[in-house]
Each structure stands twice: as C-alpha cells, then as structure tokens.
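Reader: I am new to this structure and would like to learn how to read it. Could we take a few features in turn?

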Amino acid sequence: MERWQPPEKVVKLIFGVGYVLTSANNWLLLKKVLHSRNVYRKLSFTFFLVHIATVLATVPSVLQRSPLPYFLIVPHVHLVLGGAQLLIATSARFAHLLPIDRAVSLFSSRFGGLVTLARDFVVEEVDNGFIVLDESGRIVDVNRTAKKMLGLDRPVGKTLAEVTTVGPIEDPGALEPIITGEKPVHELKETAWVQTDNGRRCYDVWISVLTEGDERAGHVILLHDITEQKYREQRLEERERELEKQKAELEQQTEQLAYQNERLDQFASIVSHDLRNPLTVAQGYLDVLEQQANELPDDAPIDDSYFAEVSHSHQRIESIIEDALLLARQGKAITATETVTLAAIATSAWENVETTDATLRCTADVAFDADRDRLLNVFENLFRNAIEHGGEDVTVEVGRLPDGNGLYVEDDGSGIRADRLDEVLEHGYSTAEQGTGLGLSIVTDIVRAHGWGITAGNGTDGGARFELTGIGSVEDTSRETAPEVDE
C-alpha cells in the first residue's frame with residue numbers, strides 16, 4: 001500500500017511558512033547579538049550561527065541537491081555546530097578564542113552598532129568598576145575593573161552573595177543585607193573601606209535602577225576608588241588638628257605670659273607697698289632705740305618691747321617675701337603630673353602644718369593625676385586657712401564631690417561672710433591681722449595651672465567650704481573612709 005504524500009503545493013507552503021518564522025527568529029536573535037556584551041554576545045552569536053547553518057542545510061535537501069540522502073546533512077551540521085555551541089556555553093576561555101567579535105563587527109557597523117562597540121570599549125577600560133544585575137539580582141555583566149577591585153572570578157550568572165562576602169568590608173552598613181542576600185538590591189549610595197590584596201582601599205558604591213520603558217529591568221553597581229582622596233582628606237584633617245593644637249599651645253603660652261606679667265606686677269606691688277609698712281614700723285622702733293640710747297646713761301635699761309616689735313616686723317617681711325615668691329612661681333603651667341591619692345596628699349599636707357588640736361577627716365580615698373608638690377601646697381594653705389579662721393580645735397574634712405568630678409575641703413569653723421564670698425580668693429584678701437592675704441591666691445593659681453576650677457562657699461555646718469572642680473573622673477581606690485588624723 002502506497003503512503004499518502006501531501007501535494008507539492010502544501011509541502012512548499014509548509015516550508016515557506018517555516019522559513020519565514022525561522023528568518024524572523026534569526027533576525028531577533030541577531031538584534032540580541034548586537035545589543036549584548038561579553039560572554040552573552042558570544043553565546044547569542046553562536047546560537048545565531050547554528051540557526052542559520054541549520055536553515056541553510058535544509059535548502060539542498062528541499063531542492064533535491066543534497067550530497068547526503070534522507071536529509072542527513074542537517075544532523076551533521078548540528079553535530080559540528082552543536083559541539084562548538086556546547087564548548088562556548090561551558091567555557092568562557094574557549095569563547096574568547098573565537099573571532100566572534102570581529103564577525104559581529106561586520107554587522108555592527110552596518111546596523112548602527114559602532115556606538116555600542118565604543119561604549120563597550122570605554123566600559124572595559126575605564127577606572128570605575130561596573131556590575132549589571134538583572135531583576136532577580138544575578139550578575140549579567142561585569143567589567144575588568146570591577147573584577148580586579150573585588151577579586152571576582154567568572155561572576156556572570158551568580159548573585160552577589162555567591163561571589164562576595166562581608167568579611168573584608170569594614171563597617172558595611174546598608175551594604176551588608178544586600179551582599180548577604182537578606183534584602184533585595186535597591187538604590188543606594190555608600191562609602192566602604194575594603195581589605196584587598198593591595199591593602200585597605202576605599203570605594204564609593206552607587207547602586208542605581210535600570211529601567212526598560214516603565215518597568216524595572218535590573219540594577220547597575222558603580223564602584224569608584226576614592227582611596228587616595230580619603231588619604232588626602234585624612235592628611236589634611238591631621239594637619240588641621242596639628243595646627244589647632246599648635247594654636248591652642250600658642251594661646252596657652254600667650255595667656256601664661258600675660259598671667260606671669262600680672263603676677264610680676266603684683267609682686268612689684270607687694271614689694272613696694274606691703275613690705276614698706278613693716279619696714280617703716282621696724283625703722284621707727286630702731287630710731288626710738290637709737291634716740292634712747294643716745295639720751296640715756298650707759299647703764300640705763302632699754303625697753304625690750306622695742307626689740308620684739310622690730311623682730312616681729314622683720315618676720316612679717318620674711319613671710320611676705322616667701323609668699324610673694326611662691327605666688328610668682330605657682331602660676332606656671334603644669335607640665336608633668338603623676339597619680340596621687342587624696343588620703344596620702346591630705347595627710348602629708350596636714351603633717352606640714354602646725355595643727356595643734358585640730359582634726360583631719362578624709363571621707364573618701366580617690367586617685368587622680370596632678371603635680372604632687374604643688375598640690376601639696378594647695379592643701380597646706382587650705383588647712384592653715386581653716387585653722388587660722390576656725391580655731392585650734394577645728395575639724396577639717398576632705399572628700400570627693402557627689403558628681404565624682406572634683407574634691408572639697410570643708411571645716412566646721414565660723415565660715416565666710418556672704419558678702420565676701422566673691423573676693424575671698426582674690427589677691428591680698430585676709431581677715432587676720434598678721435595674714436599676708438596671699439595664701440588663697442596661691443591656691444587659686446595652682447588650681448588654675450592644673451586646668452581646674454575653684455569656688456568658695458559655706459558648708460552644711462556653717463564652716464568654710466572650698467571645691468576643686470573640673471579634675472575629671474576621680475577614681476575611688478575602694479577605701480570609703482580614711483582614718484581621722486588628730487594633732
């Protein structure tokens with residue numbers, strides 16, 4: 001029984017429709033080749049060649065001019081080109097060996113692809129890194145610079161989470177969930193420091209949306225190396241800080257010189273004014289003694305009280321000179337400090353003062369940094385002031401301020417008059433007849449030389465209270481209360 005065969009017109013119609021569809025498919029594939037890049041261009045062009053070769057292989061058979069019977073030329077074509085297609089699809093290195101770009105350029109120049117080629121060349125050679133992601137977050141294109149920046153190896157077709165890690169990035173911030181895949185890729189601008197084989201590098205990372213018409217097609221990541229810029233900015237900031245430090249030092253030196261000049265003026269005032277009074281008294285008594293000695297017989301007695309007054313005046317002059325010299329020295333800036341404890345410095349100062357029946361109580365032992373010798377002078381003067389104005393049996397208490405940022409010295413004496421609180425720390429202030437008025441002024445100078453502050457007031461029991469502030473966080477040495485010291 002003979003097989004039914006379709007009419008020749010039907011066969012020609014079927015082949016014609018098939019060729020039209022195949023030609024349309026190949027045209028679309030050629031457009032894909034012209035608009036693709038890198039590996040995708042090579043793969044697309046390979047598919048295009050296979051399709052064209054397959055179509056051409058059927059033509060001899062249809063025209064009954066095939067050198068092989070039964071359409072065997074088509075399987076042979078598929079065998080050869082299919083093998084090449086498989087190699088290109090699985091090996092990017094093999095794809096690079098084929099002169100596909102040169103063949104594509106024949107079509108590109110004719111179909112307006114010269115701009116595309118120029119753009120591809122610029123993208124490959126530019127110093128910025130480019131990574132193109134599709135809508136699902138997979139890498140579809142990457143230039144040579146981006147591979148070098150991130151150390152990528154064959155990243156096309158993979159996600160960022162598969163080719164990068166957060167580890168080398170210092171403080172990744174908003175980049176971390178994108179790299180790890182915890183959040184989808186979105187628009188972002190971030191600066192990141194990355195540990196690379198070439199050391200620490202800083203990149204500006206821009207992620208922008210790619211659209212096709214009104215629809216989102218993917219994202220492009222731009223990496224810009226700003227390491228040298230950052231290093232220049234850091235050097236500039238360091239230079240500015242150094243200049244600010246030098247400026248502060250110069251201002252401090254200027255302030256210190258002005259302060260020293262003020263102290264020299266005060267010293268000159270003390271020498272010219274304060275010393276003149278006891279010298280005048282001493283000279284007066286010496287004149288009286290000289291007159292009496294001239295008028296009285298040789299065996300006549302001389303009043304011994306005159307000698308006592310002269311001796312007292314000279315002692316007064318000596319005290320003023322010592323305090324004035326001390327005042328001139330103590331205003332100098334502190335250049336070296338050491339860690340001292342409140343109990344130890346207070347006890348040493350107490351032992352250097354004539355305390356008679358007075359009592360020292362230390363409520364907390366704390367450690368802080370200071371110039372020990374000059375701080376010792378602070379406590380000595382404050383203790384003398386407490387005994388001088390509070391009486392021989394006064395109790396003096398030292399401790400840490402409630403905020404932990406300073407110390408206090410308080411006594412249970414008569415306190416300070418409210419109208420004198422503002423002037424008690426000034427130079428020359430004294431309520432004692434024999435006082436030089438320089439003790440608390442010396443205290444103020446030493447405290448300010450440390451960079452601290454000092455205030456005068458009255459305590460809860462009515463006695464005088466002096467607070468040293470701005471010392472910083474004084475550390476408790478775990479002994480809440482030091483033993484009382486009685487003298």
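Author: This is a predicted model. A place to begin is the hairpin of E12 and E13, which has 5 residues between the strands. Within that hairpin, Gly 462 takes a positive phi near 95 degrees.

Reader: How many bridges join E12 to E13?

Author: Strand E12, residues 453-458, is joined to E13 by 6 bridges, and the two run antiparallel. As one example of a bridge partner, Thr 455 has Glu 467 in E13.

Reader: Which residue in E13 is the bridge partner of Tyr 408?

Author: The partner of Tyr 408 is Glu 467. Strand E11 (residues 406-411) and strand E13 (residues 464-469) run antiparallel, with 5 bridges between them.

Reader: How do I think about side chains along a strand?

Author: In a regular strand, side chains alternate between the two faces of the sheet.

Reader: Is His 219 buried or exposed?

Author: His 219 counts as buried because its relative accessibility is 5%, and the cut-off for buried is under 20%.

Reader: What does His 219 touch?

Author: Leaving aside residues up to four places away in sequence, the residues that His 219 touches include Ile 131, Val 132, Leu 133, His 186 and Ser 208. Val 185 is also among them. A polar atom of the His 219 side chain lies 3.4 Å from the backbone oxygen of Val 185.

Reader: Where is Asp 365 found?

Author: Asp 365 is in the loop between strand E8 (359-362) and strand E9 (366-370). Asp 365 is buried, because its relative accessible area is 6%.

Reader: Which backbone nitrogen does the Asp 365 side chain reach at 3.1 Å?

Author: At 3.1 Å, that is the backbone nitrogen of Ala 343. The side chain of Asp 365 also reaches the backbone nitrogen of Leu 342, at 3.5 Å.

Reader: How many disulfides are there?

Author: A disulfide is a covalent bond between the sulfur atoms of two cysteines. Here the count comes to 0 disulfides, with the cut-off for a pair of cysteine sulfur atoms being within 2.5 Å.

Reader: Are Cys 202 and Cys 362 buried or exposed?

Author: Cys 202 counts as buried because its relative accessibility is 0%. Cys 362 is also buried, with a relative accessible area of 4%.

Methods
Residues are numbered from 1 along each chain as its sequence is written. This is a predicted model: local features need pLDDT of at least 70, side-chain atom pairs count only at pLDDT 80 or more; totals for chains, interfaces and linings use all residues. Side-chain values use heavy atoms; hydrogens and water are left out. Buried means under 20% relative accessible area, exposed over 50%, partly exposed in between (1.4 Å probe, protein chains only). A polar contact is a pair of N or O atoms within 3.5 Å; within protein, one must be able to donate a hydrogen and the other to accept it, and residues adjacent in sequence count only if both atoms are side-chain atoms. Contact means heavy atoms within 4.5 Å. Two strands pair if DSSP finds at least two bridges between them. Helices (H or I, at least four residues) and strands (E, at least two) are DSSP runs, numbered from the N terminus.
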